[in-house]
Every structure is written in structure tokens, then in C-alpha cells.
Amino acid sequence: MIEWEVTSTGLRVVDPGNSEFTVEGPNLSVTGDGVSLPRPVDATLSCRTAEVRFPISVVYVASESSDATYELENDTGPLELPTGEYIVDLDTDIKTYLRADGPLAISKTPDFEEVVVSFAEETDVTLGFRSRNVRPSGKMVVPPTPTGLAVALSHLPSSHKTTAPDRTYPTLRGHPPLVETGDTVEVSSTIRDATPDVGIELLVPPSFEELYVTAPLAYYLQADVETVPDIEAPMLCAPGAGIRHDLGTMPDLERRTTRLLRKTFFLDCLVRNAGPYGTNLAEESLLDALGLDAEALYHGTPVDRLETYLDVPYAALEHRLPDWHLSMYVEPSAETLETIPFLLHDLAAIYMPRTSELEGSELVERSLDDFYRTTGPGEVASVDVVKPELRAGRVHGWLADGVPIDVFKCTPAAYRNRLSLLDRQHETAEVTVVLNDEKMDDEHIDVGRIYREHATDLPLSVNVVDHLGTAELARVFEDENDFVHYIGHCETDGLRCPDGYLSASSLSSCGTQTFFLNACGSFHEGMELVEKGAVAGGVTFTQVLNDHAVKVGSAFARLLIHGFSFERALRIARGRIMMGKDYAVVGDGTYTLTQTKNRLPTTAELERLDDDRFFLTFDQFSLQHAGSYYHPYVEGNEYSYLCGNESEFALSKASLLDFLERADTSVIYDGEFCWSDDLHAQILEE
């Protein structure tokens, strides 16, 4: 549910996931509930104003009086539109639409901080809002069998808001219904009625393995899934078009299924540009090279598109495919069946979990005991880690037995906890920093400063405490904190306090949503916090060097506060140190603590070509926005790029400084991790 309130400068809009933004207008007045819009929205408002300002975003406009479309590209505008009826589409944290009659002008402020829509005089407008944080669309009960899972998979696409290629936009897929296990099938008439019949079927042997691997493809294609005892391998069919596509047997099934999912999703991302939400997409030219008619495909049926896509050789577009955002390695069993809706909502590729023993060179033997983040007689808990067999994907999650490196270790409890937190009502995110050892004061000062600096830009409430006893620390974790950053020691008996040790197993429950236990060997305590109620957290496998812990802790804090998911934030932060594999995420690593004013978190790599020329590699990417695109605000750039694809630019020193001044992003420069504002000052002085 979208909530809004009138402020002294306009409107404050909040969604169930605590995403919020402001709509500003010098004389903006709300005149009533809005009329309906020809766009999927959760709430509309009727307003009257001569000017309205939104956070910076990609902006495109569709005329309701004609077929004309417009886009405000990299310049600041203005885009001046004549008399007519228009819908302005703004890709903000909460999807926003403005419907108004022209003439009107749309521009970006010179600092690229705001989008301004202005009229010649006060005008009636309709504002529409759609949340990106959605609740599951109902609940199903199925038997804990392969046949029961097939029934669930057939109805999970009921959450899709369209059967067109526009479902590549994350906000048009919705969250699938929850799945519980029971003796009989219980699917409500609401879910049955919302389940699309697109003419595509997936026939699968009655095996959890094959069903799990093919689930993401079936979900995206909105296929009807059926278990067939006599079939040798899963088969994708469209009886009306005579399609019978063999997907192969395990383990080749994993590769072939994922390739078809990636190809279909990517081509739909290009074809959707022929619809009302099109943009100047850098990858779109590939359609001409492949001889594909975007207009015909966009207005065709799902079967038409599948038939066409099956004929496109994977090798013809493999080099243009965006990195797949998430790969999950899942134990295929009745015990993990309840996680399927969450995995499909993230549009994760699903693989079978396989591991091998680590080689000696992969975990460095260390004997620098004097520098470890540990003192005293306590023993640090150890973890037996293994090497996972990873497939393609930017981020990897593990929902199975064992503790592999280079993945986040998830449990079904993490997804249940994430869902329960949607009912919390906090005006601000509650952040608590705990220092339980004065020798680690450097990290304490640094992360406290980072959180406080951003409390003015984001709805954050920051509390910094130290030397907590066991009872006090227990209350911190039991309270409804959004994030706890613990700096101290962890031993086999728990987190060290002045009066003893706090074991997470002793907590009645964990009300804290997320955490970072920056202490030696905190893995087991972190896993227990997730089982007790947390969603995700950062932990360590073994002893960590103190100066390394400070570097990781400070970088992690800054990345987290800029909207990075837990897994990406810790992966980038641990890259600052040689022994980064000692750090990991437990719980749902896709989870984010805060929104970012860039909407999608950004990263950049910078290389100096000569005294006045630089080569910039830019990336904007979010695990929760698969199918989105971004528009780099770089001088001379006219294109948007699909998330998962990097963009590259050769820039003069002046253009680079202009980019760094407004980018607010992490940058790797000369192999060092830094932030854009610090790098701006450095290059300016050179």
C-alpha cells in the first residue's frame, strides 16, 4: 500500500518496503483521489500545480493524443511539448507517472539532482505511484511431491501483470503466491483466474531435480507445468504451433535451460522497446543484425515470440547478453519447496549444489596471531568450508548443506523473515553501532561517521554504543533494529561482552533485521541470528586481521548505505584485502538496507590514458531489478544500457571531474577502492 502526506514543500510518498521520495512543488495542492491511469499503479492523486519536481531519474513521455513518444536524455533539456495529453514516466524508487495536458516543459537541474515538470500556468495533473516492494499475491497449498510442485509452478505466474515482453520490467512481474505443503491441493479461484493461459507447456519427469532447474524458465514463460512419468527429459511445448523442444537430461539440462531463459529474457528486453515504455537502448541494434521485427514480435503472442527465439542461435547473441544477476544452488527437496516463490521473484537461475575440497592455495595459511582481531583466552569458532561448483552469474547463493566460499549461505528462515518484516512501520531505519573493544576504535569512529553523514539524506536513525554487557547486547538484537554493526570479539561461547559471552542461541528471538558481526569466527552466531528472525548479515569464517577488519567494515558500511545488497556490498568491501574469502554473508544476500538516490547502486573503474584522458567503465546493477536499464550521465552519452551490461567512455579530465562531482559512487582507480567525491578532489589537485 502506498502512503502519502502533504509537506510544506509538496508530498512525501512511502511504500510498504520503506522506500520513499519527495514530490516538490511551490504551490502544489492535492484536490482528491486521482482518476485511473492507463498504467499499472497502486495509488493515484489529483493535484493542481504550475511546477512539480521529482528526484533525478530516466524520463520518457507518451502522448495520448498520438503515437508520439519522447525521452529526456543526457542533457538537462528542456523538452518542450505542445498542446496535447501526455503521460510522463519517471523511473524513481517508487515508480511514478504524471498525467497532464500540455503545453509543458520537462528539464533536469544543472546538478542532475532533480527532474522538473513545469506548465505555463496552474494545471490539473494526476500522479500515479507503483511500489517496487510487493507482497506475495496470495497463497497455495500443494502436496510435498514433484506433482504438487508442478501444480504450484503452473500458478506462480499469476502474479505477472502482463504476458507481453514488458514483463521483463521487474515491477510488472509481481511477487508470486506463497507455497505451503499439505495433504491436498488448495488454489484459490483468485489465483486460478489470474493464471495466464499462453499456450506454452513444460513436460517434466516427476523429479524434484528437473522441476527445480526448469522452474525459472517455466515461470518466466508462464508455462503450464505437468509431470509425465514416461518422459526421459523435460520438454518445452506449444501444441498450437507444433513446438516440441527437448531440454536434455541432467547435468546438460542446467546449461540448456539457463541459456534459453537468458536468450528469451534478453530478446524480450529488446523487443519491449517497440512498446509504450521504450528508450534509446544501446543493445537494440542487435535485433536488426538478427533480422528480427520488434514491432511484430511485441504485438505477437508469447508462442509467436518463443517460436522465433528458439530459431536464434545462442552463439549469435552470447557476446551481448547481460551478466545474469543471480544463481542459486538449491537442495531439491520438499524442505526447500517453500522458497521457490522467493527464488522466482528474484528470477534466479537454479542449479544443483555441488562442491569439492579446497586446495591449499585457496585458503592462505596464516601465523600472524598478534594482528588478529582476537585477544584473551577464548577460542575462535572454526568453519569447515568447501569449494562450490559455480556456474554463470554475478552473485551466487547457497540453499543447501555445507558452507561454501564465494556464495551467500541462505536458509528458508531468511525468506520467511523477509516477508514478516513487511508489516513493520518505521519512519526511519534504526541503525545501531556496537563497540565492545576499545582497541577497535578506528572502525567504530569511521562507520559511525558514515552512517551519521547519510542520516541527513536517508531516513536513518543512528545510535552508537559501547561496552555493552550480555543483557544489554541481547536487548539490542531482540529490539526492532534495522541494522546492527557489531565491532568486537566472537569466540566459541558467543559474542564477548565485559561480563561474559552472549550466544545468539540464548535470545528469545531476533528482532534485528540485518547485521554485521565484524569479529573473528562469527559465522555460527550469524546463522543463529537468521534462524531467530534476521534476514541477512555479514560474518567471518575464522580469525581476521585487525587492520583488514577495519578496511572491510568501513567500506561495507558505505556501500550498504548506498543501496547495495548485502552480498554485493561485502563482496566489494572484502576485495580491499588479501584474505577476503574469510568474509561471507548469511541469510538472504539479495536484501538491501536502504534505497539509494541513484535508485540502482553504481560502481565504476577508472584508468588514466594520459595526462588529460581517462577510460571509465560504468555499471549500474541491482539484484532486485533484473530487466531494468540505466542511463549514465556522462557527457555526450545518448544511450541507456541494460542492467548487467557495463558501459565504457573515454573522457577528458574536465568531463571526468564533472562526472565524479555528481556520481556518488565507488570507484576502483589504480587498483585502489575509493569514493567519487574523494577521487574528484584528488584528480582536481593533480
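**Before you start**

This is a predicted model, in which local features need pLDDT of at least 70 and side-chain atom pairs count only at pLDDT 80 or more, while totals for chains, interfaces and linings use all residues. Residues are numbered from 1 along each chain as its sequence is written, and side-chain values use heavy atoms, with hydrogens and water left out.

Helices (H or I, at least four residues) and strands (E, at least two) are DSSP runs, numbered from the N terminus.

**Stop 1: α1 and α3**

Two packed helices are described by the angle between their axes and the distance between the axes. Select residues 146-155 for α1 and 208-221 for α3. Their axes come within 9 Å and cross at roughly 15°. That makes α1 roughly parallel to α3. Axes here are lines fitted to C-alpha atoms, for helices over the stretch in contact, and angles run from 0 to 180 degrees between N-to-C directions. Angles under 35 degrees count as roughly parallel, over 145 as roughly antiparallel, 65 to 115 as roughly perpendicular and the rest as oblique.

The crossing of α1 and α3 is left-handed. Left-handed means that the near helix is turned anticlockwise from the far one by less than a right angle; right-handed means clockwise.

Now show the side chains. Pro146, Leu149, Ala150 and Leu153 of α1 make the contact with Phe208, Leu211, Tyr212 and Ala215 of α3. Contact means heavy atoms within 4.5 Å.

**Stop 2: α15 and α16**

Select residues 653-663 for α15 and 676-685 for α16. These helices pack at an angle of about 150°, with their axes 8 Å apart. That makes α15 roughly antiparallel to α16. Their crossing is left-handed. Residues in the contact include Leu656, Leu657 and Leu660 of α15, and Leu679, His680 and Ile683 of α16.

**Stop 3: Phe614**

Stay in this area and select Phe614, in strand β35 (residues 613-620). Is Phe614 buried or exposed? Phe614 counts as buried, at 0% relative accessibility. Buried means under 20% relative accessible area, exposed over 50%, partly exposed in between (1.4 Å probe, protein chains only).

Phe614 and Leu656 are 42 residues apart in sequence, and their C-alpha atoms are 7.4 Å apart in space. Leaving aside neighbours within four places in sequence, Phe614 has contacts that include Leu656, Phe649, Tyr669 and Ile683.

**Stop 4**

Select α14, residues 566-574. Seven of its nine residues are buried, so α14 is largely enclosed by the rest of the structure. Among them are Phe566, Leu570 and Arg574.

Move to α9, residues 412-420. Its buried residues are Ala413, Ala414, Tyr415, Asn417 and Arg418. What do they pack against? Their partners are β19 (326-330), α8 (340-345), β23 (395-399), α12 (523-532) and β33 (583-587).

**Stop 5: Asn645**

Select Asn645, in the loop between β37 (641-642) and β38 (647-652). Asn645 is buried, with a relative accessible area of 14%. Its side chain makes a polar contact of 2.9 Å with the side chain of Glu283. A polar contact is a pair of N or O atoms within 3.5 Å; within protein, one must be able to donate a hydrogen and the other to accept it, and residues adjacent in sequence count only if both atoms are side-chain atoms.

**Stop 6**

How many disulfides are found in the whole structure? The search finds zero. A disulfide is a pair of cysteine sulfur atoms within 2.5 Å. Select Cys490 and Cys520. The sulfur of Cys520 is 8.6 Å from the closest cysteine sulfur, in Cys490, too far for a bond. Cys490 is buried at 1% relative accessibility, and Cys520 is buried at 0%.

**Stop 7**

Most residues other than glycine have a negative phi, and most peptide bonds are trans. Select Gly102 and Pro103: the peptide bond between them is cis, with omega near 10°. Met250 and Pro251 are also joined by a cis peptide bond, with omega about 0°.

Finish with Gln222 and Leu347. Gln222 has a positive phi near 60°, and Leu347 has a positive phi of about 50°. Gln222 is buried at 2% relative accessible area, and Leu347 is buried at 0%.
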